[in-house]
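Look over the sequence and the model, then read on.

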Amino acid sequence: MTHIQLPRAASSTAGRRPYVPALDGLRGIAILGVLLFHTGHLSGGFLGVDLFFALSGYLITDLLLREIEATGALSLGAFWGRRIRRLLPALVTMLASVTVLVWAVGPPDIVRTTLADGPWVQLNLVNWHLLAESASYWDRFGPDRVFEHLWSIAVEEQFYLVWPVIVLIVARCGQRTDVGRRVAVTAAVASAVSLVLMVALVDPADPTRVYTGTDTRAFSLLLGAVIATPPVRALPARAAGRWAGAVSVLLAAGIGAMWFLVDGVDSSGLFTGGLFAHSLAAALLVGLVVRAPRGPVATVLARLPLRWLGLISYSLYLWHWPVFVLLSPQRTGLGGWSWTLVVCAVSIGLAALSKYLVEDPIRFRAEWARGRGGLLAFAALMAGLTMLWLALPAPAPPTIDITKLR
């Protein structure tokens, strides 16, 4: 386990972050946007992923900086162990269940792509695998891939792997009192580089490369990281002063307007600065919600239905797309809102089961999932998934009778 001792910061205010219910409400809004996008009811609902990214960047950076400030140290092994306990059990459960079900009852095309994509999901590289296969995000997610939505999980996992190392290096290179400022500058510069890459690499005909590539999407996470740093996180509320509530309403309204107005390929400005602006607005909204938890937007977000949806949002994101594919309108005979209600209800039910039977018990109560036992469990899960991909035979590819070609 990597445990690096750092010079102890002068401030003693760091500690466990107080719970902000509105942040769970933001997760609930984000997953609701994704669900409505994938069922064809909200053209810009895919931007819910950017809200997830900004929130993740904020929370992870805040956690890392608080640990440095409170203990003078940063344990990378402990951080990655917590991420594994939080994310892996639900992911493995979904991967194994969906793979076996698709192999047993799915059509050959879906079986082939499921077995081909699965190992890349396991390696947290599925976004690059899909790009290598020219799988376009903007085809409204073709019906032959049940794991295509996991590109965003791969981007986040890659961020969780690299960003703590960068924070650690930055923290060790300089005075002990200005770690937050150096992290803020690093994140801001990296965000600008990511934006430049997006603008330089975008293909207007199909912007999938810049939308799902880690390098060109890093700014969505890094802008959240900027807002989380001590020198920056108080600025939005301080700058807005007594108008902080009104500013948060305007930010929320602007974000909502983008979700209703933009439409992927047809919104070319999205990939030449629009996504950056949306991510910045999302990060600022997160910062204002944290600094003003009793403001009008935070009060709405803290309501129980949105909070509960946010609490199950990770598992709901994992399960929703396989459910949408396997219970497609063609298979169910349903359409419109009736189909939407059915598949969302099934997805929410599976997500709740995952949350309360898999995620929470392993994350909070399973002592065997910590320390050496956790390392052994992780190795066993990885080996088991690898055996699954190898054990299930893929259907033979379709043959083409060239004698009938003219």
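## Terms and model

Residue classes come first: Ala, Val, Leu, Ile, Met, Phe, Trp, Tyr, Cys and Pro count as nonpolar, Asp, Glu, Lys and Arg as charged, and the others, Gly among them, as polar. The model is predicted; local features need pLDDT of at least 70, side-chain atom pairs count only at pLDDT 80 or more, and totals for chains, interfaces and linings use all residues. Residues are numbered from 1 along each chain as its sequence is written, and side-chain values use heavy atoms, with hydrogens and water left out.

Spaces are found on a 1 Å grid over the protein atoms alone. A cavity is a set of points where a 1.4 Å probe fits but cannot get out. A pocket is an open set with protein on both sides within 12 Å along at least five of seven lines. Lining residues have an atom within 4 Å of a point. Grid points are joined across faces, edges and corners, and a volume is the space filled by probe spheres set on the points. Helices are DSSP runs (H or I, at least four residues), numbered from the N terminus.

## The largest pocket

The largest pocket holds about 1500 Å³ of space. Its lining counts 41 residues, and R17, R27, L59, R83 and R363 lie nearest the centre. By class, 20 are nonpolar, six polar and 15 charged.

Several helices contribute at least two lining residues each: α1 (21-38), α2 (48-71), α3 (76-105), α6 (151-172), α15 (304-311), α16 (313-326) and α18 (336-365). Helix α2 gives the most, with 12 residues.

## The second largest pocket

The volume of the second largest pocket is about 950 Å³. It is lined by 37 residues. Nearest its centre are W80, G81, I84, R85 and F378. The lining divides into 23 nonpolar, eight polar and six charged residues.

Helices α3, α4 (108-122), α6 and α19 (371-391) each supply at least two residues of this lining. Here α3 gives the most, with 13 residues.

## Cavities

There are two cavities of 30 Å³ or more. Of its 10 lining residues, L130, A135, E148, T208 and T212 are the closest to the centre.

Helices α5 (126-132) and α8 each supply at least two residues of the lining of the largest cavity. The largest share, three residues, comes from α5. The lining has six nonpolar residues, three polar and one charged.

## Helix α12

Helix α12 spans residues 244-261, 18 residues in length. From first C-alpha to last, α12 reaches 26 Å. That is close to the 26 Å expected at 1.5 Å a residue, where the expected span is 1.5 Å times one less than the number of residues.

Burial here follows relative accessible area: buried is under 20%, exposed is over 50%, and partly exposed lies in between (1.4 Å probe, protein chains only). Buried in α12 are A244, S248, L251, I255 and W259. They sit on the same side of α12 because they cover an arc of only 80° around the axis. The arc is that of the directions from the helix axis to the C-beta atoms. The face turned away from this buried side carries the exposed residues L250, F260 and L261.

## Aromatic contacts

Rings of Phe, Tyr and Trp (its six-membered ring) pair if their centres lie within 6.5 Å; planes under 30 degrees apart count as stacked, over 60 as edge-to-face and the rest as tilted. The count comes to 10 aromatic pairs. W151 and Y211 have ring centres 5.1 Å apart and planes at 55°, so this pair is tilted. The pair links distant parts of the chain: W151 is in helix α6, Y211 is in helix α8 (residues 208-212), and they are 60 residues apart. W151 is buried at a relative accessible area of 1%, and Y211 is buried at 0%.

W321 and F324 form an edge-to-face pair, 6.3 Å centre to centre with 65° between the planes. About one helical turn separates W321 and F324, because they are three residues apart in helix α16. Both W321 and F324 are buried.

Which residues form one aromatic cluster? They are F37, F46, F53, W151, Y211 and F271.

## A buried loop glycine

G295 lies in the loop between α13 (274-291) and α14 (296-301). G295 counts as buried, at 15% relative accessibility.
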